[in-house]
Amino acid sequence: MTSTRSRKLCLAQQPDADEMLSRDPFALLVGMLLDQQIPMERAFAGPVAIAKRMSGPFDPATVAHYDPDAFVEVVAGPPAVHRFPTAMAARIQTLAKHLDEQYSGNASGLWSDVKSGDDLLARLSALPGFGAQKAKIFVALLGKQLKVRPRGWREASEPYGEDGAYKSVADVIDVASLVKVRQFKQEQQLVRRPVVARPLRQTRNG
């Protein structure tokens with residue numbers, strides 16, 4: 001296993017979960033995969049919960065070949081790692097299979113020999129369950145917190161690579177920054193919320 005450690009991550013706000021995220025690239029990718037439709041810190045606490053419940057090591061090869069029904073039970077808990085445990089268990093296993101087949105089970109192989117930000121973004125975008133936004137955020141996370149900074153990484157991660165911004169998990173380094181990121185996301189949701197036009201009230205003449 002290749003460590004991601006260059007600083008202590010504080011994404012889950014839980015010591016054991018953050019310690020695992022800091023040393024295990026696969027755990028970090030799984031946390032990023034889980035980060036949708038649930039609180040950010042709950043998503044990034046997911047990998048350590050899964051690892052504790054599994055029989056065998058938490059690595060791409062083991063997860064990829066885990067019995068699917070048994071893996072659903074691992075993710076479902078209780079407590080459940082995600083609000084949609086069945087769907088997420090399948091997505092985690094699909095991600096693990098991709099890493100096992102394309103990177104020989106070495107998750108950090110995604111970025112260890114990367115030459116440019118665009119190349120890194122392309123590799124992350126090709127991961128099962130990683131859309132364009134998630135891939136950009138992960139490029140920013142690697143660059144800002146783990147010092148994985150190939151040429152053009154900030155441009156590839158726009159708008160999440162900006163210094164001094166609090167737009168994503170890439171900017172979470174403590175409780176205060178988590179609050180700022182959550183406020184930004186709430187503001188963005190308000191901006192995107194559709195405006196429902198109310199019908200005009202008809203008035204009667206006479």
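1. Lys-52 is exposed, because its relative accessibility is 60%, above the 50% cut-off for that class. In this predicted model, the side chain of Lys-52 forms a salt bridge with that of Asp-16, with an N to O distance of 2.6 Å. The two partners come from distant parts of the chain: Asp-16 belongs to helix α1 and Lys-52 to helix α3, 36 residues apart. Asp-16 is partly exposed, at 32% relative accessibility.

2. Glu-41 counts as partly exposed at 21% relative accessibility, and Arg-182 counts as partly exposed at 31%.

3. Asp-119 and Arg-123 both lie in helix α7, four residues apart, or about one turn of the helix. Residues three or four places apart in an α-helix point the same way, because there are 3.6 residues a turn. The side chains of Asp-119 and Arg-123 meet at 3.6 Å, N to O. Asp-119 is partly exposed, with a relative accessible area of 27%, whereas Arg-123 is buried, at 17% relative accessibility. Shared partners join Asp-113, Asp-119 and Arg-123 into one salt-bridge network. The count for the structure is eight salt bridges.

4. Which residues of α2 are buried? They are Pro-25, Phe-26, Ala-27, Leu-28, Leu-29, Val-30, Gly-31, Met-32, Leu-33 and Leu-34. Helix α2 (residues 25-34) is therefore largely enclosed by the rest of the structure, as ten of its ten residues are buried. The packing partners of these buried residues are α1, α3, α4, α6, α7 and α8.

5. The aromatic side chains form four pairs. The rings of Tyr-66 and Phe-71 have centres 5.7 Å apart and planes at 70 degrees, so this pair is edge-to-face. Both Tyr-66 and Phe-71 are buried. The pair of Phe-130 and Phe-138 is likewise edge-to-face, because the ring centres are 6.2 Å apart with the planes at 75 degrees. Phe-130 and Phe-138 are both buried. Ring pairs join Trp-111, Phe-130 and Phe-138 into a cluster.

6. Asp-171 is located in the loop between α9 (153-156) and α10 (175-192). Asp-171 is buried, because its relative accessibility is 8%. Beyond its neighbours within four places in sequence, Asp-171 has contacts that include Lys-144, Gln-145, Glu-162 and Tyr-166.

7. As to the overall fold, the protein has ten helices and zero strands. Of its 206 residues, 46% are buried. Among contacts between residues at least 6 apart in sequence, 55% join residues at least 24 apart. The accessible surface is about 11,000 Å², with 51% of that area belonging to carbon and sulfur atoms.

8. The mean pLDDT of the protein is 90, and 90% of the residues reach 70 or more. Over residues 1-5, however, pLDDT stays under 50, and the model has 19 contacts beyond four places in sequence for this segment.

How values were computed
Residues numbered from 1 in each chain as written. Predicted model: local features only at pLDDT ≥ 70, side-chain atom pairs only at ≥ 80, totals over all residues. Heavy atoms only, no water. pLDDT = per-residue confidence, 0-100. Contact = heavy atoms within 4.5 Å. Helix = DSSP H or I, 4+ residues; strand = E, 2+ residues; numbered from the N terminus. Buried < 20%, exposed > 50% of the residue type's maximum accessible area, 1.4 Å probe, protein only. Areas by Shrake-Rupley, 256 points an atom, 1.4 Å probe, with all protein chains shown as cover. Phe/Tyr/Trp six-rings, centres within 6.5 Å; stacked < 30°, edge-to-face > 60°. Salt bridge = Lys/Arg side-chain N within 4 Å of Asp/Glu carboxyl O.
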